[in-house]
Amino acid sequence: MPADSQPKLFLLRFDVDTPQCLADGVPALIDLAGRHGVPMTFFVNMGRAVNRLDSLAGLVGGPRRPAAAVAEKLSPRAKLGTHGFLRTALLNPRVGDGQAATLARARDAGHEIGLHGGRNHATWQRHAPGWARERVRSEVDWGLAALEREGVQRPAAFASPGWASPPGLAEVLAEKGFRILADSHDPRRPARLAASGNGPLCELNTNLAGEPGGVGFVEHCDAAGMADGAVADLVDARLASHDSVMVYDHPVYAGGRGAGRLEFVIRHAQAAGCRFVTGSERAGNAAGTRPGRS
C-alpha cells in the first residue's frame with residue numbers, strides 16, 4: 001500500500017436474533033476477536049425469536065407470500081443444532097433475558113452494541129413495513145428498555161430484523177438519540193452511504209453478504225461449498241471497488257461451525273492492510289465507539 005494512501009475500512013456486523021446467538025455465539029466471537037485484535041458490531045434483539053401465530057398459520061396453509069430469490073444458506077436446524085432449534089421453536093425465550101454479563105463483556109472489550117428490533121424478531125421481519133409510526137415507536141421503546149435492564153444504555157446504532165424498515169423508522173430513531181441505521185444491503189455500494197433519505201441518521205450499508213437476500217456471508221460461503229480462494233476473491237472484489245466493507249452474519253454460526261472461515265476472512269483482510277472499525281467509527285462518531293457506557 002502506498003505510504004500516502006488510506007487503509008480500507010473493514011466492519012464485522014453480527015445480528016443477534018436467537019438465545020443461542022447471544023448465550024453461545026457472542027462469547028465465542030469475543031474470544032475470536034480478542035485473538036485477532038479486531039472490534040465487532042452486534043445488533044441485539046431483546047425479544048422473542050419466533051411468532052407462533054405466523055408459524056401456525058404457515059403450518060395450516062395460511063396465506064403465503066411469493067418466495068423471494070435468496071442465496072444459498074443453511075436451515076435453522078443446521079445452524080442452531082437440534083437442541084438449540086427445538087429450544088428456540090418450542091420454548092421461545094426472550095433473547096436478551098439474563099445476558100447482562102455477556103453484553104457487558106462485549107462492551108468492555110470495545111465492541112459496539114446496537115438494537116435489532118423490538119418485542120419479536122419474526123413479527124418485525126414479517127409485519128413492520130405495514131406498521132404505523134406509533135407502533136414503531138412502541139417497539140423501539142420496548143427494545144431500549146430491555147437493553148437498559150441488561151445494563152446497555154443509549155445505543156447509537158439500529159438495524160431492523162430481516163432488513164425490513166417500517167415507514168417513519170428514521171424519524172423515530174432520531175427522536176430516541178440513535179445516529180446510525182443499518183437496514184441496507186447492496187453489494188454495489190460502500191459501507192457508509194454518503195447520501196441518505198434518513199435525515200440526521202448515518203446510513204450504513206452491508207456490502208458483503210450472501211446475495212440475493214442478504215444471507216450471512218460465512219454461512220453462504222459454507223453452504224455453497226466455496227474454497228478459501230473463492231472467498232478471498234469475493235473479499236478482494238469488494239475491497240477493490242469500495243473504501244469500506246461491511247461483512248454480515250449471525251453469531252451462532254460465525255462463532256461456531258463457521259469460526260474457521262470467519263478467521264480466514266479476518267486474516268485475509270488484515271493481510272490486505274485493512275483497518276477494522278465498529279459501526280460508529282465508520283459513521284464518523286468517535287464518541288460512540290463504546291456504546292453502552294454511561
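Me: What covers the buried residues of helix H6?
Reply: In this predicted model, the cover over the buried residues of H6 includes strand S3 (112-115), helix H5 (121-127), strand S4 (157-158) and helix H7 (169-175).

Me: Which residues of H6 are buried?
Reply: They are Val-136, Arg-137, Glu-139, Val-140, Trp-142, Gly-143, Leu-144, Ala-146 and Leu-147. Buried means under 20% relative accessible area.

Me: How do you know that the span of H6 is close to the expected one?
Reply: H6 (residues 133-149) has 17 residues. The expected span is 1.5 Å times one less than the number of residues, which gives 24 Å for H6. From its first C-alpha to its last, H6 reaches 24 Å, close to that expectation. Gly-151, whose phi is positive, near 95°, follows H6.

Me: Why are H1 and H4 called roughly parallel?
Reply: Helix H1 (residues 19-36) and helix H4 (residues 100-108) pack at an angle of about 20°, and their axes are 10 Å apart. Angles under 35 degrees count as roughly parallel, and H1 and H4 are therefore roughly parallel to each other. Their contact is made by Leu-22, Val-26, Pro-27, Ile-30 and Asp-31 of H1 together with Thr-102, Leu-103, Arg-105 and Ala-106 of H4. Six of these residues are nonpolar, one is polar and two are charged.

Me: What makes Ala-224 count as partly exposed?
Reply: Ala-224 lies in the loop between helix H8 (217-223) and helix H9 (228-241). Partly exposed lies between the limits of under 20% for buried and over 50% for exposed; Ala-224, at 29% relative accessibility, therefore counts as partly exposed.

How values were computed
Residues are numbered from 1 along each chain as its sequence is written. This is a predicted model: local features need pLDDT of at least 70, side-chain atom pairs count only at pLDDT 80 or more; totals for chains, interfaces and linings use all residues. Side-chain values use heavy atoms; hydrogens and water are left out. Helices (H or I, at least four residues) and strands (E, at least two) are DSSP runs, numbered from the N terminus. Buried means under 20% relative accessible area, exposed over 50%, partly exposed in between (1.4 Å probe, protein chains only). Contact means heavy atoms within 4.5 Å. Axes are lines fitted to C-alpha atoms, for helices over the stretch in contact, and angles run from 0 to 180 degrees between N-to-C directions. Angles under 35 degrees count as roughly parallel, over 145 as roughly antiparallel, 65 to 115 as roughly perpendicular and the rest as oblique. Ala, Val, Leu, Ile, Met, Phe, Trp, Tyr, Cys and Pro count as nonpolar, Asp, Glu, Lys and Arg as charged, and the others, Gly among them, as polar.
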